[in-house]
Amino acid sequence: MKVDIHGTKILAQNLLKELAEDGKEREMATVLALNGDLGSGKTTFMQFFGEALGVKEKIQSPTFVIEKIYSIDPARTDFPVPFDHLIHIDAYRLESDFEMINLGWKEIISNPRNIICIEWADKIKNLLPQDTVYLDFVHHTEGERIIKKTP
């Protein structure tokens with residue numbers, strides 16, 4: 001789907017509604033994998049996604065710290081969400097799956113109250129659950145991106 005900045009915000013809100021509904025019955029964390037080149041819109045999408053989740057802090061790509069954990073404020077959401085934490089991971093600098101495991105992957109993935117969004121997710125694809133939702137980002141024009149969702 002070709003989107004501008006407003007379309008990206010709507011896509012983030014709609015996807016969150018879908019994931020929130022699916023997340024009610026889960027036994028492990030909900031995982032969203034974001035793939036695409038630099039400047040393709042992954043972090044912008046994450047900012048809108050965090051806003052829809054009621055995250056108070058400004059979301060920035062955690063390229064150097066690898067992982068940031070945000071508390072979700074249900075009073076700031078437009079609809080009920082079954083999540084307590086948004087975990088934003090940037091796997092760009094990781095060399096192997098082992099590095100992600102050392103960052104506590106098993107603990108965060110086992111909590112169904114977590115929603116985990118991973119930029120550069122292809123770098124750790126062997127660790128991702130089978131039901132991971134994938135978003136592929138492509139820079140189209142200065143003001144437009146192509147975002148494709150695959151189950």
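Strands are DSSP runs of at least two residues, numbered from the N terminus. In the predicted model described here, Gly-36 belongs to strand S2, and Asn-35 is found in that strand as well, which spans residues 30–36. Gly-36 has a relative accessible area of 17% and is therefore buried, the limit for this class being under 20%. Asn-35, with a relative accessible area of 7%, is likewise assigned as buried.

Between Gly-36 and Met-46, which are ten residues apart along the chain, the separation of the C-alpha atoms is 13 Å.

A pair of aromatic rings is described by the distance of the centres and the angle of the planes. A search of the whole structure returned three aromatic pairs. In one of them, formed by Phe-45 and Phe-49, the ring centres are 5.6 Å apart and the planes lie at 25°, so the pair is classed as stacked; the cut-off for this class is under 30 degrees. Both residues are located in helix H2 (residues 42–53), where a spacing of four residues, about one turn of the helix, separates Phe-45 from Phe-49. Phe-45 and Phe-49 are both buried.

Phe-45 also forms an aromatic pair with Phe-137. Here the distance is 5.7 Å centre to centre, with 65° between the planes, and the geometry is edge-to-face. This pair links distant parts of the chain, as Phe-45 is in helix H2 and Phe-137 is in strand S6 (residues 133–141), 92 residues apart. The relative accessible area of Phe-45 is 0%, so this residue is buried. Phe-137, at 3% relative accessibility, also counts as buried. Together, Phe-45, Phe-49 and Phe-137 make up one aromatic cluster.

A further arrangement involves a charged side chain and a ring. Lys-123 is positioned over the face of Tyr-92, at 5.9 Å from the ring centre, where the distance criterion for a charge over a ring is within 6 Å.

Terms used:
Residues numbered from 1 in each chain as written. Predicted model: local features only at pLDDT ≥ 70, side-chain atom pairs only at ≥ 80, totals over all residues. Heavy atoms only, no water. Phe/Tyr/Trp six-rings, centres within 6.5 Å; stacked < 30°, edge-to-face > 60°. Buried < 20%, exposed > 50% of the residue type's maximum accessible area, 1.4 Å probe, protein only. Lys NZ or Arg CZ within 6 Å of the ring centre and 35° of its normal.
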